[in-house]
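Dear colleague,

Please find the structure below, together with its sequence. A summary of the findings follows it.

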Amino acid sequence: MEDRARRLIGAVTAGQRSDGSWVAIDSQRSWGPTATSCWALRRARDLGLAVEEGTETRAAMFLQRAFLSAGAADNDPKAVILHALSLTGSAEFAHVNRLYRERNTLSNPALAYTALTLANMGRTDMAGELLDVLAGRAKEVLGRVPMVYWEGSAHHPWLGDDMEATAMASLAFSRIRPDTTLVRPSVDWLLDRRGAGAVRPAKARGPVVAAVAGYFQRARQAGQDYRLAIAVNDHDLRTLQVVGPGETLAIPVPDAHLRSGENIVRFAMQGRDEYAYGVTLSGFSVVMTDPGTIRPGVGSRQYFHDTLRYKGRSIGAPSTSLVEKIEVGQRVRVQVNFFNHYYVDYLVVEEPLPAGMVLVPGSIQSSAAHVRIEADRLLFYYEPRRLDGRIGYEVIGHAGGSYRVPPTVIRDVMDPVKMRIGSVAELTVLDPGAASDDPYKMNRPEYFALGRLHFEDGEYAGALRYLGHLFREQPDYQERDLARMLLWIHTADGFYDARRIVQVFEILRERYPQLEIPFDRILIVGRAYHDLDEFERAALVYRATIDVSFLNDAHLSALLEDEGQFLGSIDYMRALWREYPDTAEVSTAYFGLSQALYRKAPTAHELAKTPQRPIQLPGHARAALEIPPTRIDLLEEAIRLLESFMTLYPANPLADDAAFSMANAYLDLTLYEKVIELSQRYRQWYGDSEYASGFEYMRALGHFWRLEYEPALAAAKQVAGGDSRDRDFATYIVGQIYHAQEKPAEAIEWYRRVREHYADAAESIRYFERQHIGLDEVALFQPGEAVEVTLRYRNIAEAAVQVYRVDLMKLYLREKSLAKMADVNLAGIQPEYSETFALGDGLDYVDKTRTLNLDLDDEGAYLLIVRGDDLFASGMVLVTPLAIDVQEDAVSGRVRVYLRDEILRRPVANVHVKAIGSEGGRFREGDTDLRGLFIADAIRGRATVIARDDHARYAFYRGEQWLGAAPEDRAPPTPEPAEPAKLDYQRSLREGQQSIQMLNYEAYDQMRRNVQRGVQIQQAR
């Protein structure tokens, strides 16, 4: 036994992987076999057997990683892992304690493993509480001998077997509560389920042996002394005399003692003790019935010929021709088919190898996680949900004879009683040298593969033998390649067949229009149509060939442009256009040429950066080297090409594009008279075109730029009333025309329609509708002179004026400014004069003035306040004979004030004067001398001077010159506002032109760069 144990230890140690785990059928659940192996090695070490320390250490590290990667609620693997770690003392109690808290939700195997873990950690009381839960879940089996068992886990297939769950529970009770009444019934259940065969499933064998051995190790055996007589169907079989320790015996039963149907075994015992027995009836049944206890089933097993070979190599198409009589040395492909593949547990498929045949190494094909090859069978192990539709392998005939092949069997790994059985097969291996007469039937893939291989080798006669047969029998099989190869063959020398060429070409034309056919072969297709009198189809094929030839020749133009030779590429394409007939591709390329020039015009100045070399075209003189053209030159050349295009191809679908492009070019050249002429003409020619409104809009722009307002209005209003992309611009132009004609009401009406799109329109409306009212800051009048003040207003319907007599000197000393006289609190003061008068309807939209005649005869200072709607304006009126003449020194800030009486025409002395600068500071004040002179020094800023004599007569002066040094803390000059973006009236037109350029130039450029080796079939329609 020790030798056997050491060999097992060596085998287990050798099976450990580099990461410390042991392999399982499901590589994602290696925690199961790793924990079991770790348990076995620790048990061996406890019995004194040598185990490599590194093996256990690596296993423990793997299990710790597996524990951390388990899900939060994945308690089954955690219980198994913690039990294995507890054997090495590396389990953490915190982890075990969490399982203990969740004991009522644990599965039966998890409860048993956790209880054993707690026992290993010396916490038997806590383990007992888990056993209480486990005891309540025991299932009783009624019978002569009481038995109990526990169901496996429903969460993990690894712990889903009842046999292993019962063994673990029995082991836990036997160790922690050996006196409980559940131990013996659970052991009896395990022994009863074992029967005479091995423990099933095999992975439960270890726990079952541990549980049974643990029970009997702890049970005190009574002295054995008894006689046992055994009879089968009333035939005496054997009498056993047992004294001392018993032993396990296997007693064969002769066939003569057996009978059909029920067989009875009787035991007669004399003495004391107990015994156990099992009965096994084995043999080979001719009829094997499928029990159907699991969902997946065996569909069929078939034996096929080996793959055909071509020039010593496999053609790659598997044979479907069945084999019944196999020659010695003949290779045969075996295929087993399954149905209802989906299965949630582990499966093993047992496939018997036919006797008289040997397996071809490396020929097995399956999705199994592991395949084991035995002498007479193949075992395929599948992870859950991984069984697919078939397995395959190859065998070679080896020994002559007729053989019966047992059926394919599918079993549940965890519960082998669940199984499916296939059918028995019969095979014959012929004697050496004998030839099989099995008929060989080629399938479609074989015909196609052989034809293709001959075709690729240029052996058209051999290819036609297979491909022609396939086309007659199954023309839609691999239709594209089949028709293509037949077309290539029949357009080759010696295989010309006009009808077959047209037949396969029509298939390709209808179903695979992208296929490209070389020039030499497409010409033969055209010949085939001609020979069949289908002249129109022949012409279409030849024209497609011309188009593709033109496209390939045009490739040189792209190369020239890529090298910076734009002008050379234009000259080349123009010459190429002259050499080819006017097919659709050629005329479209000509239009694309005009768009290439138009597109290049804005960057014409860049052409000078790369010297334009003259080029030599076949059949043409060398082009002269010219000065690089300007933007205007390129636009004029584009116009010439567009005019030529419209003249040569007036019915071309691109004619309206050309007309729109040409009118845009004239607009870019500011030739507005020509724009008006062409737009009106093209509007009539292409009234149904998408560019119809664009032509009308260009006519409006032409008249607009020529200041011809009435025709511009007529054209613009027509566009504005539609729904084209030019509608908003046309509406805006109508508003501008009315604006220029000084018709603000009409301008506002049209501006309102587009104010959301154009900021200028909204600003124009605000300009027209803004309100304003204003007066001069100070107005001077001599006594007796009529006092007339000018009122400036805009969009004010009614105004009210009030005049108050004030002390200007005191008022200015308090306010230090006349800018906010309207804000002076005049409550309770009666005005000298007041009047309310109408100014209009409030919709003037222009600045207006009105003269206010004020009846002010007395000398003095008067404050005028005018209210119009919600606006206020104020001003000062001085009725005085005094006048101020000021001499200013900008450097020193000195102000010399001369005061005169204009009526008496003499200086005025002894008049009090106050002066102050706009930069603040204190008032400079004093009286005039006999010369009427007052001098104020250190005035900073713009000077303000007020004089008042004893008779309350005033004089006022406001300077414009800056006096004194500029302050250091003055705000920097306000930068000039950025110039507003210039409105682009041609934006929508330019967008339309750019769309034409993008679509047509890109198509033109792609056409030049798309080099074809042949003609696409769709081009020959």
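**Nonpolar cores**

The largest nonpolar core holds 82 residues, and those with the most contacts inside it are Phe550, Met573, Tyr682, Phe695, Tyr697, Met698 and Tyr1004. A nonpolar core is a set of buried Ala, Val, Leu, Ile, Met, Phe, Trp, Tyr and Cys residues joined through side-chain atoms within 4.5 Å. Buried means under 20% relative accessible area, exposed over 50%, and partly exposed in between (1.4 Å probe, protein chains only). Helix α20 (residues 655-668) gives the most to this core, with nine residues. Apart from this core lies another core, of 72 residues, among them Trp22, Ala66, Val133 and Trp158. In soluble globular proteins, nonpolar side chains tend to be buried together.

The model is predicted: local features need pLDDT of at least 70, and side-chain atom pairs count only at pLDDT 80 or more, while totals for chains, interfaces and linings use all residues. Residues are numbered from 1 along each chain as its sequence is written, and side-chain values use heavy atoms, with hydrogens and water left out.

Helices (H or I, at least four residues) and strands (E, at least two) are DSSP runs, numbered from the N terminus.

**Individual residues**

Leaving aside neighbours within four places in sequence, Tyr1004 is in contact (heavy atoms within 4.5 Å) with Ser557, Met573, Ala589, Gly592, Leu593 and Ala596.

Glu164 belongs to helix α8 (residues 162-176) and is buried, with a relative accessible area of 4%. Not counting residues up to four places away in sequence, Glu164 touches Tyr113, Trp158, Leu159, Lys203, Ala204 and Pro207.

Val409 is part of strand β17 (residues 409-412). With a relative accessible area of 8%, Val409 is buried. Residues up to four places away in sequence aside, Val409 touches Val348, Val349, Glu350, Met419, Arg420 and Ile421.

**The cavity**

A cavity is a set of points on a 1 Å grid over the protein atoms alone where a 1.4 Å probe fits but cannot get out; lining residues have an atom within 4 Å of a point. By this rule there is one cavity of 30 Å³ or more. The largest cavity contains about 40 Å³ of space, a volume being the space filled by probe spheres set on the points, which are joined across faces, edges and corners. Its lining consists of Leu775, Asp776, Ala779, Val789, Leu864, Gly875, Met876 and Val877. Strand β28 (residues 871-879) gives the most to this lining, with three residues.

Yours sincerely

Key. On a 1 Å grid over the protein atoms alone, a cavity is a set of points where a 1.4 Å probe fits but cannot get out, and a pocket is an open set with protein on both sides within 12 Å along at least five of seven lines; lining residues have an atom within 4 Å of a point.
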